[in-house]
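Work through the exercises below with the model at hand. Each task is followed by a solution in steps.

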Amino acid sequence: MKTLDAAELWGQAVERLRAEIGEENTGLWLKPVDVVSWEGGVLLLRVPNKFFSDGIKERYQKRLLSLLREIGGADIGLDFKVERDLARVLPPSDPVPEASPQSDFALTELNPRYTFQSFVIGESNRLACATAESIAKSPGTQYNPYVIYGGVGLGKTHLMHAIGNAMRRQHPKARVLYTTSEQFVNEYIAAVQNNALDAFRAKYRFLDCLLIDDIQFLIAKERSEQEFFHTFNSLFDSRKQIIVSSDRSPKDMSPLEQRLISRLEWGFVADIKPPDLETRIAILRKKAELERFSVPEDVVLFIASSVKTNVRSLEGSLIRLKAFQSMTGAGLSVENAREILKDALSADDAAPVRVETIQRVVALKYSVDVKDLKGHQRTASIALPRQVAMYLCCVMTDQSSTDIGRAFGGKDHSTVLHARKKIEKKVEEDPFFLELINKLQADIKSADS
């Protein structure tokens, strides 16, 4: 066997592997590793936490063992000692970058309407809600990470905001941040482009609670996913709370997502199912109370019996009836509710429509060409139809804002988000515009059926 000490043996192996996996992966996974000893044919390595040992085993252990055999002249095993010390990831002696002050975590990141008090509990969501309330009282302890999964419009985002709002009330100085995985990816890309990774990492790694919605959109974005792992590491090791939502259970994710699955399954996983009839009735009553809108009980029962799988559709139906009443002054009955909602009642089980269909129907409605929607004209006659089409793509398809922007001639995702917010505000303020949007949705569904 060649005369090498443990550090030299490991150093040579890392240098050879660096040529195969590149500088970035080497720095990401192998730079934080220290050599402890080389005894009994086993090289003992110290790693910051279990994420590193798991990551190295998954990605590089087989190749490292081969390289160590070539360098050392005999079979050499690898073992890992976990150093549960956040200082190895973010040294406390280093100054905290400017992105970490409390002012960066304003309540505007959380929707104040989404609270535990406004969340209607039923058999379909009781466990998820009880766990969320427990986390809000004692974050970073028993249920960490916490994964909430379920279909679209069932209340996952509501629960996440409720946790954040409750934490901010009980712990006013807590650094709580809600974001989407898409926003996380876009911020990471911008940080790389602007050489601002330190500020990005400080923003996410000095939190008390991180809430990330729609984690499935982070999958298959390798560099962003690796950055999320390291953020996860830092928060988990410092016993800070991590909460994510997904449209599926971790065990139902594809094999390509295995690395993320293993992390998420360390914590507590709870699902939210479609609400039963009693819960749907309770949701409608609560929504009507919040909107200060009196709805006959037979109309409530009719809506609850007709819309079965989506809480968002339930509430949308109620808002539509409110708009009708405010415009006409007429009373509500089951008969006119059936007529007003006839084009929406079948949408509960409908598949997502195509972006091309939305563009075509909106262009026809506003008497413009589809190419104008994809162009760069900013006149009112083009800008409004474009914003309407982008908004409808956001609410009627499963496309990300980045993909939607690409479908509109390469627009930036921020342009799509701006359009969505602007049209949402107009819908809330103008009942006539709401009716226009509802009619467009009906036409789009008919055209795509």
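The model is predicted, so local features need pLDDT of at least 70 and side-chain atom pairs count only at pLDDT 80 or more, while totals for chains, interfaces and linings use all residues. Residues are numbered from 1 along each chain as its sequence is written, and side-chain values use heavy atoms, with hydrogens and water left out.

**Exercise 1.** Determine the strand order of the open sheet and identify its edges.

*Solution.* Strands are DSSP runs of E with at least two residues, helices runs of H or I with at least four, both numbered from the N terminus. Two strands pair if DSSP finds at least two bridges between them.
- Step 1. The order of the five strands is β5-β6-β7-β4-β8, with parallel pairing.
- Step 2. β5 (176-180) and β8 (268-272) each have a single partner strand, so one side of each lacks a neighbour in the sheet and they stand at the edges.
- Step 3. From one strand to the next, the twist averages 15 degrees.
- Step 4. Five bridges join β5 to β6 (residues 209-213) in the parallel sense; L177 has L210 in β6 as its bridge partner.

**Exercise 2.** Describe the packing of α14 against α16.

*Solution.* Axes are lines fitted to C-alpha atoms, for helices over the stretch in contact, and angles between N-to-C directions run from 0 to 180 degrees.
- Step 1. The axes of α14 (residues 355-366) and α16 (residues 380-396) are 9 Å apart, at an angle of about 145 degrees.
- Step 2. Contact (heavy atoms within 4.5 Å) involves V355, I358, V362 and Y366 of α14, and residues of α16 including L384, V388 and L392.
- Step 3. The contact residues comprise 11 nonpolar, no polar and no charged; Ala, Val, Leu, Ile, Met, Phe, Trp, Tyr, Cys and Pro count as nonpolar, Asp, Glu, Lys and Arg as charged, and the others as polar.

**Exercise 3.** Characterise the nonpolar cores.

*Solution.* Such a core is a set of buried Ala, Val, Leu, Ile, Met, Phe, Trp, Tyr and Cys residues joined through side-chain atoms within 4.5 Å. Buried means under 20% relative accessible area, exposed over 50%, and partly exposed in between (1.4 Å probe, protein chains only).
- Step 1. The largest core has 44 residues, and W10, L30 and L64 are among those with the most contacts inside it.
- Step 2. Helix α1 (residues 6-30) gives the most to this core, nine residues.
- Step 3. A second, separate core of 29 residues includes A363 and L434.

**Exercise 4.** Is V82 buried, exposed or partly exposed?

*Solution.* 
- Step 1. V82 lies in β3 (residues 77-82).
- Step 2. Its relative accessibility is 32%, so V82 counts as partly exposed.
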